[in-house]
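Student: I would like a close look at one part of this model. Please take me through it step by step.

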Amino acid sequence: MKKETPLTLSQLKTIWGKDWDFFVEKIIPNCFCHTCKEVVTIVDFKIAVNDLNDVILEGKCAVCGDPVNRYTETGENEEYVGRIKKVLREKKK
Ligand SMILES: [Zn+2]
């Protein structure tokens with residue numbers, strides 16, 4: 001089974017750091033909805049990080065309300081991985 005750890009929005013903000021605007025402008029409105037068959041905005045999303053340090057959003061399509069997931073490959077960026085590890089360490093305290 002895949003291991004996923006839930007994150008809060010403020011933890012996610014810490015992880016993205018100065019790229020937070022990119023996240024808000026380029027990730028959130030760029031999720032593919034399989035019902036609408038087009039790129040939509042994700043709403044009401046839960047945030048998790050998996051064991052590859054990739055951040056996953058699980059939410060709903062802003063248009064039709066069906067489930068939409070967005071996978072971000074933060075695990076490929078050393079800067080993000082460093083901050084993810086820090087956030088997870090602090091979480092355990
Ligand atoms: Zn939709």
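Student: Which residues are exposed on the other side of H3?

Tutor: Glu78 and Arg89 are exposed on the other side of H3. Exposed means over 50% relative accessible area, buried under 20%, and partly exposed in between (1.4 Å probe, protein chains only).

First, the ground rules. This is a predicted model, in which local features need pLDDT of at least 70 and side-chain atom pairs count only at pLDDT 80 or more, while totals for chains, interfaces and linings use all residues. Residues are numbered from 1 along each chain as its sequence is written, and side-chain values use heavy atoms, with hydrogens and water left out.

Now the helix itself. H3 runs over residues 78-92 and has 15 residues. Helices here are DSSP runs of H or I with at least four residues, strands are E runs of at least two, and both are numbered from the N terminus. From first C-alpha to last, H3 reaches 21 Å, close to the 21 Å expected at 1.5 Å a residue. That expected span is 1.5 Å times one less than the number of residues.

Next, the buried side. Tyr80, Val81, Ile84 and Val87 are buried in H3. They cover an arc of only 125° around the axis, so they sit on the same side of H3. The arc is that of the directions from the helix axis to the C-beta atoms.

Tyr80 forms one aromatic cluster with Trp16, Trp20, Phe22 and Phe23. The structure holds four aromatic pairs. In one of them, the rings of Trp16 and Phe23 have centres 5.1 Å apart and planes at 40°, so the pair is tilted. Rings of Phe, Tyr and Trp (its six-membered ring) pair if their centres lie within 6.5 Å; planes under 30 degrees apart count as stacked, over 60 as edge-to-face and the rest as tilted. Trp16 counts as buried at 4% relative accessibility. Phe23 is buried at 0%.

Finally, the setting. The chain has three helices and six strands, in the order β-α-α-β-β-β-β-β-α.
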